[in-house]
Amino acid sequence: MRIVVVGDVLLDTDLSGDAGRLSPDAPVPVVDVDAVRRRAGGAGLVARMLEADGHEAVLVTVLGEDDAAALLRAELDGITVVAGPSGAPTPVKTRVRASGQPVVRFDEGCATPPAPACTEDMLAALEGADAIVAADYGRGLLADEALRTRLEALAGTTPVVWDPHPAGAQPVPGVAAVTPNIGEALRFADLQGSDTRAAAAAADVLLGAWRSRAVLVTMGEHGALVAAAGLLPQVVPAPRVDATDPCGAGDRFASALAVGLAAGEPIDVAAQQATEAAARFLGSGGVSAMGRRQEAPQQLPVDGIDALDVARRTREAGGTVVATGGCFDLLHAGHARTLAAARQLGDCLIVLLNSDESVRGLKGENRPIIKQEDRAELLSALECVDAVLVFGESTPENAISRLQPDIWVKGGDYAAEDLPEAALVSSWGGRTVTVPYIPARSTTKLAAALARVG
């Protein structure tokens with residue numbers, strides 16, 4: 001697809017390292033910087049995401065003439081850039097991270113610039129797009145009247161996704177979707193609150209004020225609220241991910257939404273795809289992991305959460321990885337209590353789930369009753385479960401070896417000699433423990449009861 005991104009760009013710089021001491025000058029941490037990474041931010045980040053997804057990304061923007069602009073152009077390599085003069089210093093945001101945790105951010109050149117003008121070349125680059133993302137970072141480009149007139153005209157035939165900014169211009173009428181986060185939506189609508197009801201109220205106000213076809217309010221871990229004229233608000237839940245830095249999630253949401261709409265998906269389906277894409281982006285490390293080679297993928301069957309990544313992140317934060325396993329066919333109260341007890345033993349709980357083929361080998365051809373995708377989704381919906389890893393063997397040893405949990409947990413109906421994986425877990429210093437087993441609850445008994453009632 002040819003996706004045009006129009007809007008403001010900036011240079012993001014990450015300085016990262018360890019912080020193991022305090023400065024003698026003041027009670028602040030000293031970060032020993034061992035890595036400096038730069039990337040295009042704002043509309044540039046959206047374009048980079050689309051280019052990484054295999055789309056033809058065209059960036060329409062304005063650029064300065066300073067040293068930061070030269071660095072920014074280098075970070076946009078591989079993207080078609082159609083730029084006019086900004087007439088202002090390049091905005092630079094420098095983030096300092098200590099052991100992966102954000103410590104402080106410095107902004108340079110971020111004062112309100114003179115309004116840039118849109119050139120004829122920039123307007124021409126908008127033509128022929130499968131979708132357009134208007135990424136407003138409050139630098140004035142999207143307030144240009146010629147640009148706004150052209151975007152409003154194109155919105156009648158081309159999906160336009162507008163990502164607004166509190167200091168930016170109002171979206172042009174007729175765009176397919178506007179994507180404020182909940183804080184921005186409440187501010188734009190001049191409303192108070194913080195929950196879904198407040199988001200729905202703000203979306204209702206903004207639909208009328210902006211005259212867009214839809215307003216999608218992103219709500220972080222609570223997903224997104226989709227509001228469209230004549231329809232009840234719809235909440236799209238977000239997959240749970242372990243992420244400390246939400247930077248870039250809104251850009252990922254807007255870019256994925258544009259792709260979905262360009263493919264002809266209805267707004268609710270495109271919103272679901274965008275929400276999942278944003279969660280995957282954060283779950284895989286967010287902006288700090290962009291461009292890095294990923295570990296061998298082991299995707300879960302639901303919501304794209306990576307169990308190995310959850311374990312890695314937990315260890316990097318100094319936490320304890322807990323795992324348990326089983327078939328979990330007909331999830332019952334005994335399972336829930338065992339899982340809740342296991343979760344209390346550490347900082348994340350990963351469930352190793354027998355695949356359908358594995359269950360058939362263990363339980364017979366009539367099992368499982370519930371297919372693996374649904375079993376994994378049910379487990380992932382439990383608050384105490386952080387991730388699910390499906391394995392196809394009859395025993396979990398291979399999956400345990402890949403995960404290497406610090407604690408391997410089984411229900412109390414096992415004796416030590418019944419668990420050959422105990423020796424395996426101890427080989428890397430892990431421990432195998434049991435938690436109380438809830439008697440009179442078993443999938444076999446539930447299955448028999450279901451058979452009796454037909």
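**Exercise 1. Is the crossing in which α5 passes α6 left-handed or right-handed?**

Before the solution, some housekeeping: this is a predicted model, where local features need pLDDT of at least 70, side-chain atom pairs count only at pLDDT 80 or more, and totals for chains, interfaces and linings use all residues. Residues are numbered from 1 along each chain as its sequence is written, and side-chain values use heavy atoms, with hydrogens and water left out.

Step 1. Find the helices: α5 covers residues 182–189 and α6 residues 196–210. Helices (H or I, at least four residues) and strands (E, at least two) are DSSP runs, numbered from the N terminus.

Step 2. Look at the handedness: α5 passes α6 in a left-handed crossing. Left-handed means that the near helix is turned anticlockwise from the far one by less than a right angle, and right-handed that it is turned clockwise.

Step 3. Get the geometry. The axes of α5 and α6 come within 9 Å and cross at roughly 55°, so α5 is oblique to α6. Axes are lines fitted to C-alpha atoms, for helices over the stretch in contact, and angles run from 0 to 180 degrees between N-to-C directions. Under 35 degrees counts as roughly parallel, over 145 as roughly antiparallel, 65 to 115 as roughly perpendicular and the rest as oblique.

Step 4. List who touches whom (contact: heavy atoms within 4.5 Å). From α5 come Ile182, Ala185, Leu186, Phe188 and Ala189, and from α6 Ala198, Ala199, Ala202, Val205, Leu206 and Trp210. By class, that gives 11 nonpolar, no polar and no charged residues. Here Ala, Val, Leu, Ile, Met, Phe, Trp, Tyr, Cys and Pro count as nonpolar, Asp, Glu, Lys and Arg as charged, and the others, Gly among them, as polar.

**Exercise 2. Describe how α1 packs against α7.**

Step 1. Helix α1 (residues 43–52) meets helix α7 (residues 249–262) at an angle of about 50°, with the axes 9 Å apart. That makes α1 oblique to α7.

Step 2. α1 goes past α7 in a right-handed crossing.

Step 3. Leu45, Val46, Met49 and Leu50 of α1 touch Asp251, Arg252, Ser255 and Val259 of α7. This contact has 5 nonpolar, 1 polar and 2 charged residues.

**Exercise 3. What is the strand order in the open sheet of 5 strands?**

Step 1. Reading across, the order is β16-β15-β14-β17-β18, with parallel pairing. Two strands pair if DSSP finds at least two bridges between them.

Step 2. Check the edges: β16 (387–391) and β18 (431–435) each have a single partner strand, so one side of each is left without a neighbour in the sheet. From one strand to the next, the twist averages 30°.

Step 3. Zoom in on one pair. Strands β14 (residues 321–326) and β15 (residues 348–354) run parallel, joined by 6 bridges. Val322 is opposite Leu349 in β15.

**Exercise 4. How many residues lie between β6 and β7 in their hairpin?**

Step 1. The hairpin has 2 residues between the strands, and Ser99 in the turn has a positive phi of about 50°.

Step 2. β6 (residues 92–98) and β7 (residues 101–108) run antiparallel, with 7 bridges joining them. Val96 stands opposite Val104 in β7.
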